[in-house]
Amino acid sequence: MQETQTALKNISLNPSSAERIALFVGELNGNLKLIEKSFSVKIFHKGDKINITGAEKDIKHASDAILDLYNLTKKNIEISKEAVHLTIQSHLNLSLSKYNKVDLLQDDLQIKTPRKIIRPRGINQQKYIKNINKYELNFGIGDAGTGKTYLAIAAAVDALLNDKVQKIVLIRPAVEAGEKLGFLPGDLSQKVDPYLRPLYDGLYEMLGVEKVTKLIESEAIEVAPLAYLRGRTLNNSFIIMDESQNTTVEQMKMVLTRIGYGSYAVINGDLTQIDLPKHITSGLDHVMQVLKDTDGIGTTKFSSLDVVRHPLVRKIIDAYKKFEELTSK
């Protein structure tokens with residue numbers, strides 16, 4: 001076996017600033033240690049000079065990550081652990097995928113909401129946003145933590161605030177209750193709220209609790225359990241159905257045929273996390289086969305490379321897939 005040749009690269013942190021460098025390296029050089037571990041390189045720094053040793057490809061991605069992280073300190077504010085992880089992850093994705101940095105950063109896509117600006121991370125998130133802007137019906141399929149729901153909510157908020165639609169409709173199958181919600185306490189909204197919590201969390205983050213509450217009261221944001229959609233036509237709406245892998249074939253067809261004029265629909269799901277009884281076919285799995293040759297529909301497939309949660313989540317997803325592949329043989 002041929003040994004990988006060790007290379008060396010020297011980079012400088014510009015503009016040089018003792019305060020920024022302290023923020024950049026992190027407590028006890030924690031950020032540099034994380035970069036070392038992530039890219040299998042060795043890093044030595046003194047002042048604004050950084051020396052990196054390792055395989056040439058690893059050095060390239062590590063140095064790009066270092067420069068991007070240092071750029072985050074320009075406001076002299078401590079960078080969060082999340083920002084560190086996501087910056088490293090974006091470059092780690094480049095090292096593991098067929099895409100290059102030019103592909104990844106070809107467009108400055110962003111969605112402005114009252115409380116924050118949302119930018120897609122990685123080529124698939126970018127494709128997802130482009131598809132939502134282009135098509136009236138979109139499917140986002142892939143692992144948990146890939147940003148499917150969050151980006152859909154951002155697009156819905158943007159559409160509502162810019163008068164592209166009159167309301168946001170939130171749908172999520174309540175599989176655990178078998179869609180029979182009568183035994184739960186409270187009114188209809190309170191019965192399904194636990195199942196819609198991930199959607200609400202995104203809305204609160206982008207609009208604030210008070211604004212979301214007012215929009216719900218005025219029915220500009222509507223909670224619509226599957227069981228109550230039959231017979232309706234949803235015009236001028238931005239429809240988001242989350243966890244759609246837990247719909248039946250009939251439920252999926254019913255939701256898709258509710259789409260009216262001036263409406264947009266984003267259907268998200270993870271086919272590796274189906275909670276339906278074994279003998280029931282997932283509506284998401286079925287509709288992907290039914291609509292595979294239909295024009296005018298956007299489909300974005302995410303993988304573990306697109307996970308934007310803790311780095312361990314990606315490893316867990318990959319480990320499960322590997323285990324399932326081995327046990328299915």
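This is a predicted model: local features need pLDDT of at least 70, side-chain atom pairs count only at pLDDT 80 or more; totals for chains, interfaces and linings use all residues.
Residues are numbered from 1 along each chain as its sequence is written, and side-chain values use heavy atoms, leaving out hydrogens and water.

The chain holds 12 helices and 11 strands, both taken as DSSP runs numbered from the N terminus (helices: H or I, at least four residues; strands: E, at least two). Of its 329 residues, 46% count as buried, where buried is under 20% relative accessible area, exposed is over 50% and partly exposed is in between (1.4 Å probe, protein chains only).

Now for the charged pairs. The whole structure has 7 salt bridges, each one a side-chain nitrogen of Lys or Arg within 4 Å of a carboxyl oxygen of Asp or Glu. In helix α3 (residues 56-71), K60 and D64 sit 4 residues apart, about one turn of the helix, and their closest N and O atoms are 3.3 Å apart. K60 is partly exposed at 45% relative accessible area, whereas D64 is buried at 16%.

E243 and R172 also form a salt bridge, at 3.1 Å between the closest N and O atoms. This pair links distant parts of the chain, 71 residues apart. E243 is partly exposed (24%), but R172 is buried (18%).
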